Amino acid sequence: MTKNTRTGTDSSQKNRLLDIQDLSIEYRTKRGRLQAVHKASLRVDAGESVAIIGESGCGKTTLATSIVRMLPLNARISHGRILYRRSDDEQTRLDTASERELRTIRWSDIVMMFQTSQSSFNPVARIRTQFLDTAQAHEPNSDPQEILQRSKKLLELVYLDGEAILQAYPHELSGGMKQRTMIALALLLQPKLVILDEPTTALDLITQKKILELLNSLRETLGFSMIFITHDLGIVTQLADRVVTMYAGSVVEDAPSRSFFTSPRHPYSKGLLHAIPKLDAEFEELYSIPGNTPDLVEKIEGCLFAPRCEFALGMCRTTIPSLDEVEQGRKVACHVFGINGKSDKTSSSGGNA
């Protein structure tokens with residue numbers, strides 16, 4: 001039986017662009033089913049920028065890729081739903097939408113730039129051809145000259161010579177120029193949501209700074225929402241309105257950016273911030289979170305961070321904590337810190353995990 005992919009929305013949800021609810025994603029492996037994402041919830045409001053952070057392998061990219069349903073063949077969504085608001089009175093369930101319906105949403109409404117997106121340009125085609133092909137794949141009746149004019153303006157918005165770039169081949173562009181060209185291409189069909197996986201990977205520091213300033217400027221000018229995945233907390237301070245922390249496939253904290261950096265609640269979030277090197281620190285003072293990430297093929301019991309957490313209680317090892325709102329706009333999945341934001345154990349340690 002085919003599931004209905006549309007649901008109504010009430011007035012309180014009108015500003016909610018994307019709503020991921022209790023999403024679980026598993027991979028079929030030779031060892032068994034690997035739970036890459038476990039009951040993760042995430043929301044993005046119109047015009048908002050959300051950072052997803054966490055160690056490699058924590059499920060960040062898997063969660064983001066599920067939004068555009070471009071998961072590997074051995075992956076499947078096993079639980080939960082992904083709601084996307086296409087208009088004020090209509091939501092589409094992306095997790096159950098048909099491939100035909102998804103094709104009308106990708107690029108037109110939601111676009112994802114993968115970590116190696118710079119290398120996705122066709123090396124034997126001019127940039128103008130790739131802009132034309134992208135637009136005409138979604139707007140078959142569009143006028144090529146109008147598309148090229150729109151492309152030129154977008155390239156100029158990202159501080160490039162639109163005329164010259166459209167005539168160039170990818171190998172004629174530097175890494176930073178290709179990254180900015182890819183951003184222009186991603187915005188060609190005026191999407192409402194842009195997803196970026198490590199947007200400044202392999203770029204030098206000066207180019208990184210330019211890309212970050214550019215993304216902030218474009219978001220303010222064009223009004224799109226943004227999800228970006230990163231290991232670099234410095235990028236988060238510059239781009240994010242809200243920070244979502246993932247650990248071992250689960251969302252463990254969801255907080256406004258300022259609150260996250262000034263008063264992280266989850267012990268893992270505290271550990272991530274404590275591990276940021278300080279300019280005046282000695283080498284011996286560098287901090288790392290003790291222990292190793294868990295095996296996600298094994299059965300999930302209790303809080304997966306408990307073996308690495310100095311504040312863990314007995315219930316932490318037996319009961320999975322739920323992601324609960326602990327104050328306005330902030331959610332935490334922690335038995336110790338989720339109730340009142342602090343533990344007796346933290347009073348003498350300053351709250352660092």
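Here is a short tour, from the overall make-up down to single residues.

First, some ground rules. This is a predicted model, in which local features need pLDDT of at least 70, side-chain atom pairs count only at pLDDT 80 or more, and totals for chains, interfaces and linings use all residues. Residues are numbered from 1 along each chain as its sequence is written, and side-chain values use heavy atoms, with hydrogens and water left out.

The protein chain holds ten helices and 13 strands; these are DSSP runs, helices being H or I with at least four residues and strands E with at least two, numbered from the N terminus. Of its 353 residues, 51% are buried. Buried here means under 20% relative accessible area, while exposed means over 50% and partly exposed is in between, using a 1.4 Å probe and protein chains only. Take the contacts (heavy atoms within 4.5 Å) with a separation of 6 or more: 66% of them involve residues 24 or more positions apart.

Now go to the inside. A nonpolar core is a set of buried Ala, Val, Leu, Ile, Met, Phe, Trp, Tyr and Cys residues joined through side-chain atoms within 4.5 Å. The largest one has 68 residues, and Phe-131, Ile-183, Phe-228 and Val-236 touch the most other members. Apart from that core lies another, of 35 residues, with Ile-20, Val-50, Tyr-84 and Val-251 among them. Leaving out residues up to four places away in sequence, the residues that Phe-131 touches include Ile-147, Leu-166, Thr-181 and Leu-188.

Phe-131 also takes part in a helix pairing: in H3, Arg-128, Phe-131, Leu-132, Ala-135 and Gln-136 meet Pro-144, Ile-147, Leu-148, Ser-151 and Leu-155 in H4. Sorted by class, that contact has seven nonpolar, two polar and one charged residues. For this sorting, Ala, Val, Leu, Ile, Met, Phe, Trp, Tyr, Cys and Pro count as nonpolar, Asp, Glu, Lys and Arg as charged, and the others, Gly among them, as polar. H3 spans residues 127–138 and H4 residues 144–157, and the two pack at an angle of about 115 degrees with their axes 10 Å apart. The axes are lines fitted to C-alpha atoms, for helices over the stretch in contact, and angles run from 0 to 180 degrees between N-to-C directions.

Val-158 is buried, with a relative accessible area of 0%.

What about charges? There are 20 salt bridges in the structure, a salt bridge being a side-chain nitrogen of Lys or Arg within 4 Å of a carboxyl oxygen of Asp or Glu. In one of them, Glu-48 pairs with Arg-242, their closest N and O atoms being 2.9 Å apart. Glu-48 sits in the loop between strands S3 (32–45) and S4 (49–53) and Arg-242 in strand S10 (residues 242–247), so the pair ties together parts that are 194 residues apart in sequence. Both Glu-48 and Arg-242 are buried.

Glu-55 and Arg-308 form another salt bridge, 3.2 Å from N to O. This pair links distant parts of the chain, 253 residues apart. Glu-55 counts as partly exposed at 25% relative accessibility, whereas Arg-308 is buried, at 9%.

For a local example, look at Arg-150 and Glu-146, whose side chains meet in a salt bridge of 2.8 Å, N to O. Both lie in helix H4, four residues apart, about one turn of the helix. An α-helix has 3.6 residues a turn, so residues three or four places apart point the same way.

Finally, visit H10, which is mostly covered: seven of its eight residues are buried. Among them are Pro-267, Tyr-268 and Leu-273. What covers the buried residues of H10 includes S4, helix H8 (233–239), S10, strand S11 (250–256) and helix H9 (257–262).
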